[in-house]
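Reader: I am new to this structure. Please show it to me, and then let me ask about the terms.
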Amino acid sequence: MKRPVSGIPLFYRGRWRNAFIWLLPVVAFIVAVSMVIQARLSVGPEVVIAFRSAAGLEAGKTAVKYKDVTVGLVKAITLSPDNTQVLVRVALGRDAQNLTRADTRFWVVRPRVGMSGVSGIDTLLSGAYIGVDRGQSDESQYRFTGLEIPPAIVNGMAGSQFKLEADDLGSLDINSPVYYRRIPVGRITSYQLRKDGRGIDLNIFIDAPYDRLVTADSRFWNVSGVDLSVGSDGFQLKTQTVAAIMAGGIAFSRLDNPTQGGLYKRTRYKLAPDQETAMAPADGPPVRFQLRFEHPLHGLNVGAPVEFSSVRIGHVASVELDYNPEGYRFPTIVDIDVYPSRMGNVLEKLPKPTGDTDLNTVIFTREMIAHGLRAKAAASSLLTGQLYISLDFVPDAPEVNFDAAKRPVELPTVNGGLTILQDQLTGIARKINKMPLDEIGNNMNTALVELNKTLRMVNNQSLPAANHLMQQAQQTTQDAQKLLAEDSPLVIHLLHSLQEATRTLRAVRSLTNQLDRHPESLLQGRTDDVVLNVPHSLKEGEQP
Amino acid sequence: MINPPFARQVQVCRCPLCGLVCADEATPGVRRKCPRCQTVLPHCQPEHSHLSWALLLTSMILYVPANIFPVMHTSFLGYGSESTILSGVVAFWRSGSWGIATIIFIASVIVPCLKFLSLSLLLISRARKSVWARCERARLYRITEWIGCWSMLDVVVVAVVCGLLRFHALSEAEPRSGILYFGLVVILTMLCALSFEPKTLWEDKQ
């Protein structure tokens, strides 16, 4: 092709090269158009979510996140026509198409501080976002009502849901933890009042793999707060973790001796108020008895215990009045529920006739009544006046007619301990009443007047005199003390006199000595005054 | 005034690489090479202006996605937002930075549009071999070529901002595809201006 010729330019056909340069705008056009088309295609569905408030949401900025992946953006926030709600228009991405299901849930993730912990801390910096939980429904929907509280469980979390029946909510709340051996393994997801208002249904969620710990033998109980009980063994303080004390909680455990069928799970459980109740053996079906008390039963409440030989075997089911036209009396009808299974091993020792349990119960009860089984209302506490029903054998009970056809089976009653006590008290009161209290009082009054007089006399006359006497005696003692003091004139005089006397006596002795030795001096007078003055001892010493 | 003869009139052509002037025997659709250095000789012929037209058209096409797609993604305290060129201008204007808004608007909207206009004007007038306002058109060409190097302002701003704002959780900026298209637009218009041969302005109708 090349024919290099010096000086002459080389010519060759290259028209296609000129055409080639036009590929550049074509490629650019294709790229630009494809990108614009792709951008248009990546726009997914638009949904409207109604929230109660738009706190923390911002149009054009707030993201919609599913499993922490941004799947959409808030486009606009408007008020609903009736101004009661906030309508948040969200543009979802193309890949979020399958999130728009009828039961998809939306909620706003904000930082929340609750008793059970702090959540959404990351949104402090990043701002609130809208969380999504994909629903399971097959129908699509583009208008949603947002949740005000984040759901405790989202779809796709491994675990199981259970229903608990409780009498009341206590201090439990959504997100209160569920413990197994004090390990938090789940939480309360929701609760609702039962339709008839007779209790609460709690939904709990147990995370996998702990949910396999829930079996047919599982027992649930409330561990909220502090349980302080005073018993014969002293004070007992039972607490759970601090979180459970503050936020409430539920614990569950398995029975120590599981029955068969421990592997399958029930979906409904009862929530017991405490561990003892929860772990107590199952009661089984109750047998209802009716009691008829002729005297009023003040202090007997529904739920009061029924004890048999000091074992609690049931409770009072109802307390109602009846009317007896004979003597215009209003006896009390008490229905009690007795759980035979609470008798434990005794039940196995009792004869077990086959056949109808109802008939068996009647026959058994009749025998027991024939042997003196009676019911009575006894006081459990003299302080509060609470009564309980005590079933016991009364040794010399009067015979009663047993109506085998009556349902519930009627048990004969006797006057309870409190009634006896009341009678005794009445007797004591009557005796007190019989006492001549007025007379005694009068006598005592007279005696007291006498005593009063005597005392006044003593006070007015005797006591001043005695007082004077005491003063006199005191004076005398003081005088005597003065008199006998060392420097008193009396003592000085006395000492002086004694010295004088001593001298006198010495003179007398020397006189007697003189007379002894020289009796003649009595006549002649003293011969030598000097000798006389020499002490006797010295003079004797000089003589030899 | 006597015009000196054009190279085409005397049938010669100068090689841009080695400067060899050789005979130009115009043959339509045939490209010439320098006999000395084998360089493809520049197009003196009006019908050889495909390159300029193609580059201009490409840059005009790319200018559309450059404005549609975001040029930068900024996140401040977790609030992320993507801004296109025009939304950035609007944001600056609203926030009171009228100066910056004006500069960006001039650099990224007015200048490219003016370049498109002037290059189109030059190419059309050359295709028509118009003799209208040759000196002004030559000045326009010089301005267009000179301004080419200043058209990258947007790209530089994005590059600098993305380089400076790197405080991960607090604030961050990332370039987006729009700035790539904008950069291509600038480069292509510069190439277009380069490929334009101003001497054709002076060619007469034959």
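Author: Start with one pair: A:Val64 has A:Ile130, in β9(A), as its bridge partner. This is a predicted model, where local features need pLDDT of at least 70, side-chain atom pairs count only at pLDDT 80 or more, and totals for chains, interfaces and linings use all residues. Residues are numbered from 1 along each chain as its sequence is written, chains are lettered from A in the order in which they are written, and side-chain values use heavy atoms, without hydrogens and water.

Reader: What makes β3 and β9 of chain A a pair?
Author: Two strands (DSSP E runs of at least two residues) pair if DSSP finds at least two bridges between them. Strand β3 (residues 63-66) and strand β9 (residues 129-133) of chain A have two bridges, in the parallel sense. So they pair.

Reader: Why are β6 and β10 of chain A called edge strands?
Author: β6 (105-109) and β10 (143-145) of chain A each pair on one side only. Their open sheet runs β6-β9-β3-β4-β5-β2-β10 (chain A), with mixed pairing.

Reader: What makes a set of residues a nonpolar core?
Author: Its members are Ala, Val, Leu, Ile, Met, Phe, Trp, Tyr or Cys, buried (under 20% relative accessible area, 1.4 Å probe, protein chains only) and joined through side-chain atoms within 4.5 Å. The largest such core has 32 residues, and B:Leu56 and B:Phe196 are among those with the most contacts inside it. Its largest share, eight residues, comes from α6(B). A second, separate core of 24 residues includes A:Val306 and A:Leu391.

Reader: What does B:Phe196 touch?
Author: Contact means heavy atoms within 4.5 Å. Not counting residues up to four places away in sequence, B:Phe196 touches B:Ser52, B:Leu122, B:Leu123, B:Arg126, B:Tyr141 and B:Leu201.

Key
Buried < 20%, exposed > 50% of the residue type's maximum accessible area, 1.4 Å probe, protein only. Helix = DSSP H or I, 4+ residues; strand = E, 2+ residues; numbered from the N terminus.
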